[in-house]
Amino acid sequence: MSIEIADDGTQRLSGTDGAEPATMRGFADLFDAITANVAQVLRGKSDTIELAVMCLLAEGHLLVEDVPGVGKTSLAKALAASIHCSWKRIQFTPDLLPADLVGVSIYQRSTETFQFEAGPLFANIVLADEINRASPKTQSALLEAMEERQITADGRSRILEPPFMVIATQNPIDQEGTYRLPESQLDRFLLRIAIGYPDRAAEMEMLDAQGSAEALRSLEPVVSTEEVLAMIAAVRNVHVAKALKSYLIDLAETSRRHPSIELGLSPRATLQLAAASRAHAAARGRGYATPDDVKAVAQATLGHRIVVRSDRGSQLSPADAISEVFDAVPVPVPR
C-alpha cells in the first residue's frame, strides 16, 4: 500500500492494486494524529514536534540538543509511543561497550553452537539518551546502523527492519565527562533540533497536568507500522523539480566558497536537505517541493553540518552563515 499525494494536494492511501481501502486514512490525517498525540506530552512545541515526525518520514535520524529538563527524552518517548512498533532506550555512559548496542554471541552448551543475542539497536525507534557521554568507540557502533540500516557482527550482516530511526539527545552545557560527536557522526543525523523553554501558558498546563510522566504512560499508538511505511513511501515520491535540484547544488557550492565557512555542505548534506524538503512538502499536503520547503528545514538540516572559521576574527555563528548562504543564492522562479 502507499499514500499518494497529487499536485493539487489531494491525498489517498491506496493498496498495491491501486484500490483505496475504506479503513485507511490519508497522509494528512495520519500526520496530524501523530503530532497531536506527541503534543499531549510536549506542550506548546508544535513546530518541534512536526520536525521530529518529518525526520521519521524522511528516513532520517534526529539529534535533540538542549539543556536539561526541557523534554528531550519525553519527545523521543512520545514519538515512539505514538507508533505501533518496537522501540528501545539506551542510556549512554562512559562504560558502555559496542556489544551493549549491537549484541553478542553466546555459547549454547546444549547445542554446542553460538547463538546471537540481538542488542537494543534491533528496534524500529532507538532512543540514545545523552549520546555524548559514551566513548567514541561506542558511538562508532551506531554509524553502520544509521547509514546502512544494517549491523555487522561475527562476520555476518543483519538487516534492520524498517522503519528505523535513532533519536539521540545531548546536553550542550554540561560537557564534563563527555565526548564531542565527530563531524562524520553528526553528518548522519538528518535534523538537529532544540526544544527550548515553554511559554507561560504551556508551562501552566504542565503544572496542571503535574508533568509529562502521567501523559506518557497513557499514550497509545495512533498509527500502525504499515501506515508509517506507506507515509515514508509517499515522501519518497514527492517531486523535486530540476530547477530546485539546481538550487540545492548552488547552495552547497556557495557554502564551500564562503570565506567564513571552513567546512561547507557535503553531497550527503545536499541529499539530506532534499529529503527533509520532500517531507515538509508532504506534511503541507503537496506532492511537490518548493524553495519555501527548503528554507523551512534549512537550519535544522544544515546547522550541525556547517563549521565556521575560528580564525580571522570571525564571530559568525552557523545559523548566520546558513542565512548568508541562502541570501547569496537566487531563488528559482517558476516558469
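A residue is called buried under 20% relative accessible area, exposed over 50%, and partly exposed in between, using a 1.4 Å probe and protein chains only. This is a predicted model, in which local features need pLDDT of at least 70 and side-chain atom pairs count only at pLDDT 80 or more, while totals for chains, interfaces and linings use all residues. Residues are numbered from 1 along each chain as its sequence is written, and side-chain values use heavy atoms, with hydrogens and water left out.

Helices (H or I, at least four residues) and strands (E, at least two) are DSSP runs, numbered from the N terminus. Helix α5 covers residues 136–148 and holds T138. T138 is buried, at a relative accessible area of 1%. A polar atom of its side chain lies 2.5 Å from the backbone oxygen of L96. Contact here means heavy atoms within 4.5 Å. Not counting residues up to four places away in sequence, T138 touches F92, L96, L97, P98 and L101. Q139 is also found in α5, and Q139 counts as buried at 1% relative accessibility. Beyond four places in sequence, the contacts of Q139 include Y179, R180, L181, P182 and Q185. Q139 and Q185 are 46 residues apart in sequence, with their C-alpha atoms 8.2 Å apart.

Strands β9 (residues 150–153) and β10 (residues 156–159) pair in the antiparallel sense over 4 bridges; pairing requires that DSSP finds at least two bridges between two strands. A153 has R156 in β10 as its bridge partner. The hairpin has 2 residues between the strands, and D154 takes a positive phi near 55 degrees.

Next come the cores. A nonpolar core is a set of buried Ala, Val, Leu, Ile, Met, Phe, Trp, Tyr and Cys residues joined through side-chain atoms within 4.5 Å. The largest has 77 residues, and L62, L75 and L79 have the most contacts inside it. Helix α11 gives the most to this core, with 9 residues. A second, separate core of 26 residues includes A134, F164, L186 and F189.

In α13, the buried residues include A321, I322, V325 and F326. Seen down the axis of α13, the buried residues fall within an arc of 135 degrees, so they line one face of the helix; the arc is that of the directions from the helix axis to the C-beta atoms. D327 and A328 are exposed on the other side of α13. The cover over the buried residues of α13 includes α10, β14 (261–263), α12 and β15 (307–308).

In one of them, E59 meets R236, with the closest N and O atoms 2.9 Å apart. E59 lies in the loop between α2 and β3 and R236 in helix α9, so the pair ties together parts that are 177 residues apart in sequence. R192 and E65 form another salt bridge, at 3.7 Å from N to O. Because R192 lies in strand β12 and E65 in strand β3, this pair links parts 127 residues apart in sequence. R192 is partly exposed, at 27% relative accessibility. E147, D187, R188, R268 and R305 are linked in a network of salt bridges.

How values were computed
A polar contact is a pair of N or O atoms within 3.5 Å; within protein, one must be able to donate a hydrogen and the other to accept it, and residues adjacent in sequence count only if both atoms are side-chain atoms. A salt bridge is a side-chain nitrogen of Lys or Arg within 4 Å of a carboxyl oxygen of Asp or Glu.
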